[in-house]
Amino acid sequence: KLLIKELETGEAVAATKSELAHLLIVERAVDTLAEHFEDLHSCLDVDNFEAALASSLADALAKRGNLVHAASVAAATAKAFEDSGNENEAVEAFLKAFQWDDSNQIAEDGMKRLAAA
């Protein structure tokens, strides 16, 4: 809670943000991650998130109205699904990303690629 307070008051430095992001990931606190995503996204390597965690974060971001970031996270999740051979999950995640942000090029390209397969 102290780290979140530092973040909310603008006192958090990069190391504090990184530590907070790591703790929230470990705790799977996606709602808190979504709430503070604007401040923490530079510390997050969403491309390396576990797919379930990334999907939950995308949903939480969308629920908060942060559709562009939600789409970005969903597209990264879809790409991970695609790379691991889970095409059905990839299609679902790409569609979700495109619905949230129809200018998301990764989602559009992924849907085209999987439709052609």
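Student: What makes Asn104 a cap of the N-terminal end of α8?

Tutor: In this predicted model, a side-chain oxygen of Asn104 lies 3.1 Å from the backbone nitrogen of Ile106. The cut-off for a polar contact is 3.5 Å between N or O atoms, so the pair at 3.1 Å counts as one.

Student: How do you know that the length of α8 agrees with that of a helix at 1.5 Å a residue?

Tutor: Helix α8 runs over residues 105-116, which is 12 residues, and should span 16 Å. The end C-alpha atoms of α8 are 17 Å apart, which agrees.

Student: Which residues of α8 are buried, and how do you know that they are on the same side?

Tutor: Ala107, Gly110 and Leu114 are buried in α8. They cover an arc of only 65° around the axis, and therefore sit on the same side of α8. An α-helix has 3.6 residues a turn, so residues three or four places apart point the same way. The exposed residues Lys112, Ala115 and Ala116 are on the other side of α8. The cover over the buried residues of α8 includes α6 (67-83) and α7 (87-100).

Student: What makes the buried residues of α7 line one face of the helix?

Tutor: The buried residues of α7 are Ala90, Ala93, Phe94 and Ala97. Seen down the axis of α7, they fall within an arc of 100°, so they line one face. They pack against α6 and α8. Asn88, Glu92 and Gln99, on the other side of α7, are exposed. As for length, the 14 residues of α7 should span 20 Å, and its end C-alpha atoms are 20 Å apart, which agrees.

Student: Why does Arg28 count as partly exposed?

Tutor: Its relative accessibility is 41%. Buried requires under 20% and exposed over 50%, so Arg28 at 41% counts as partly exposed.

Student: What is the phi of Arg28, and where is Arg28 found?

Tutor: Arg28 has a positive phi of about 55°, although it is not a glycine. Most residues other than glycine have a negative phi. Arg28 is in the loop between α2 (14-26) and α3 (30-35).

Student: Which residues have the most contacts inside the largest nonpolar core?

Tutor: They are Leu44, Phe49, Leu57, Leu61 and Val73, in a core of 35 residues. The largest share of this core, eight residues, comes from α6.

Student: Which residues is Leu57 in contact with, leaving aside neighbours within four places in sequence?

Tutor: Leu57 is in contact with Val30, Leu33, Ala34, Phe37, Phe49 and Val73.

Definitions and conventions. Residues are numbered from 1 along each chain as its sequence is written. This is a predicted model: local features need pLDDT of at least 70, side-chain atom pairs count only at pLDDT 80 or more; totals for chains, interfaces and linings use all residues. Side-chain values use heavy atoms; hydrogens and water are left out. Helices (H or I, at least four residues) and strands (E, at least two) are DSSP runs, numbered from the N terminus. The expected span of a helix is 1.5 Å times one less than its number of residues. Buried means under 20% relative accessible area, exposed over 50%, partly exposed in between (1.4 Å probe, protein chains only). The arc is that of the directions from the helix axis to the C-beta atoms. Contact means heavy atoms within 4.5 Å. A polar contact is a pair of N or O atoms within 3.5 Å; within protein, one must be able to donate a hydrogen and the other to accept it, and residues adjacent in sequence count only if both atoms are side-chain atoms. A nonpolar core is a set of buried Ala, Val, Leu, Ile, Met, Phe, Trp, Tyr and Cys residues joined through side-chain atoms within 4.5 Å.
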